[in-house]
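Please look over the sequence and structure before going on.

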Amino acid sequence: MDTLVVVSEMCIIGGSRYFGRRLIENLRDAGTAVTVFTRDEAFDFVSVRTAHVLGGADFTGRLAHYVRRIRAGLPVIVHEDPRPASFIHEREIARFLAWAARADFTGPVNAASHGTLDVRQLCAAIGEPVYAVGEDTSPFSFDRGYAMDNGRATALGFRFSHVADWLPSVVQEALAGAAEPTLTADELAELDRP
């Protein structure tokens with residue numbers, strides 16, 4: 001079967017300053033595309049909602065944000081009671097999309113590794129963070145849970161990994177990447193100014 005796969009990242013964001021206008025526009029376009037496709041039954045399609053993608057190719061800078069702050073001893077701004085979210089490794093989402101394009105099903109499906117992380121768990125995997133509670137929170141700090149149910153995809157035959165299986169290697173890649181030009185604490189503080 002020829003199936004169109006439409007993807008949108010679960011992207012409830014703790015602050016738009018971490019993202020370019022283009023990413024926000026692309027996410028809006030993906031939502032519009034899903035709406036249009038559900039109205040027109042001219043062809044089959046799969047709508048994939050993916051968890052937050054982590055990996056060495058962190059084009060959003062979200063993981064690098066934590067690495068820089070923790071290494072510089074600067075506080076990571078979090079909600080008072082940060083809630084967990086779902087994540088998926090970049091190679092796993094690539095495998096999932098290839099699988100979904102070849103699979104014999106249609107409709108919506110979630111793509112997320114098993115397990116969740118809250119911002120404190122993510123930071124603890126990177127180093128010894130200092131936290132501060134505030135309103136202008138870091139990118140993966142959420143005031144409500146954003147865990148995703150991957151049950152349909154699992155029942156259809158996709159085998160997801162567990163976040164704990166790949167998080168250490170992603171953190172090592174992020175730490176190695178941050179070993180290149182590192183900003184000073186003063187430079188990081190300048191980034192935080194409005």
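The model is predicted, and the protein chain averages a pLDDT of 78. Its largest nonpolar core holds 24 residues.

**Confidence**
- In the protein chain, 69% of the residues score a pLDDT of at least 70.
- The pLDDT is below 50 over residues 9–37, a stretch that has 48 contacts in the model beyond near neighbours in sequence.
- Where pLDDT is low, the predicted coordinates should not be read in detail.

**Nonpolar cores**
- Within the largest core, of 24 residues, the residues with the most contacts are Leu54, Tyr66, Phe87, Leu122, Ile126 and Leu167.
- At least two residues of this core come from each of α2, β4 (75–78), β5 (85–89), α4 (119–126) and α6 (163–178).
- The element that gives the most to this core is α6, with seven residues.
- Another core, of 17 residues, lies apart from it and includes Ile93, Val109, Ala111 and Phe160.
- Leucine 54 touches residues that include Leu63, Phe87, Leu122, Phe140, Trp166, Leu167 and Val170, leaving aside residues up to four places away in sequence.
- In soluble globular proteins, nonpolar side chains tend to be buried together.

**Strand β5 and its partners**
- Five of the five residues of β5 are buried.
- Ala85, Phe87 and His89 point one way from β5, Ser86 and Ile88 point the other way, and all are buried.
- Three bridges pair β3 with β5 in the parallel sense, and valine 53 has isoleucine 88 of β5 as its bridge partner.
- With strand β7 (residues 116–117), β5 pairs in the antiparallel sense over two bridges; here serine 86 stands opposite threonine 116.

**Strand β4**
- β4 and strand β8 (residues 130–133) run parallel and are joined by four bridges.
- Opposite proline 75 stands valine 130 of β8.

**Helix α4**
- The buried residues of α4 include Val119, Leu122, Cys123 and Ile126.
- These residues lie on the same side of α4, because they cover an arc of only 95° around the axis.
- An α-helix has 3.6 residues a turn, so residues three or four places apart point the same way.
- The N-terminal end of α4 is capped by aspartate 118, which has a side-chain oxygen 2.9 Å from the backbone nitrogen of arginine 120.

- Threonine 60 is in the loop between β3 (52–54) and α2 (62–72).
- Is threonine 60 buried or exposed? Threonine 60 counts as buried because its relative accessible area is 11%, and the cut-off for buried is under 20%.
- The side chains of threonine 60 and arginine 62 are joined by a polar contact of 2.9 Å.
- Buried residues in α2 include Arg62, Leu63, His65, Tyr66, Val67, Arg69 and Ile70.
- Glycine 73 follows α2 and has a positive phi, near 75°.

Key:
Residues numbered from 1 in each chain as written. Predicted model: local features only at pLDDT ≥ 70, side-chain atom pairs only at ≥ 80, totals over all residues. Heavy atoms only, no water. Buried < 20%, exposed > 50% of the residue type's maximum accessible area, 1.4 Å probe, protein only. Polar contact = N/O pair within 3.5 Å; in protein donor to acceptor, adjacent residues only side chain to side chain. Core = buried A, V, L, I, M, F, W, Y, C linked by side-chain atoms within 4.5 Å. Contact = heavy atoms within 4.5 Å. Pairing = 2+ DSSP bridges. Arc of directions from axis to C-beta. pLDDT = per-residue confidence, 0-100.
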